[in-house]
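Subject: Structure handover

Hello,

Here is the structure, with notes on what turned up in it below.

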Amino acid sequence: MIIKPALTITATLGPTQDLGPTARGHRRIIPITGGIFGGTAPDGQVFQGTILPGGADWQLIRPDGVTEVEARYTLQTDDGTLVLITNRGYRHGPPDVIRRLAAGEPVNSSEYYFRTTPAFEVAPGPHDWVARTVFVATGERRAGEVVIRVFSVL
């Protein structure tokens, strides 16, 4: 098995919609308002473009302090192809670190765990390699944006 860098996603975020406690945990929705992505396909082709507004990250903060993330949004490649990404995973860390993240303070990503498994949907064509490849990713939460570094598992 080989793990190779595939792309980096930088998504801009809108204000958090805090639904409060629910039967499953504390629910928050973070709108995805735009951004950029870029990387290289296994055949060497450039895979880059913008993130369209309209997606969101539906977060559930469990009683044990773990945040379950489930983000769905649309990428638009430079050639106009639309690609749906569904990115699920977990974020957790020491309470003080999580408090600092929530406050929008800069926090080194080594201080918390943020891992996801992105999956893609796309029409047949030059970018359909993303729909038949397994990916894992690391996340970094910043004030107003999130950076996802995606790796292909070959």
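A cavity here is a set of points, on a 1 Å grid over the protein atoms alone, where a 1.4 Å probe fits but cannot get out. This is a predicted model: local features need pLDDT of at least 70, side-chain atom pairs count only at pLDDT 80 or more, and totals for chains, interfaces and linings use all residues. Numbering runs from 1 along each chain as its sequence is written, and side-chain values use heavy atoms, with hydrogens and water left out.

The structure has 1 cavity of 30 Å³ or more. The largest cavity holds about 170 Å³ of space, a volume being the space filled by probe spheres set on the points, which are joined across faces, edges and corners. Its lining (residues with an atom within 4 Å of a point) is made of 16 residues, and D57, A71, F114, V146 and I148 lie nearest the centre. Two or more lining residues come from each of β1, β3 (26-40), β4 (46-61), β5 (67-77), β6 (82-92), β7 (113-121) and β9 (145-153). Strand β5 gives the largest share, 3 residues. Strands are DSSP runs (E, at least two residues), numbered from the N terminus.

I9 is in strand β1 (residues 3-13). I9 counts as buried because its relative accessible area is 0%; buried means under 20% (1.4 Å probe, protein chains only). Leaving out residues up to four places away in sequence, I9 touches, among others, V146 and I148, where contact means heavy atoms within 4.5 Å.

Regards

Notes
Helix = DSSP H or I, 4+ residues; strand = E, 2+ residues; numbered from the N terminus. Buried < 20%, exposed > 50% of the residue type's maximum accessible area, 1.4 Å probe, protein only. 1 Å grid on protein atoms, 1.4 Å probe; cavity = no way out; pocket = protein on both sides within 12 Å on 5 of 7 lines; lining within 4 Å.
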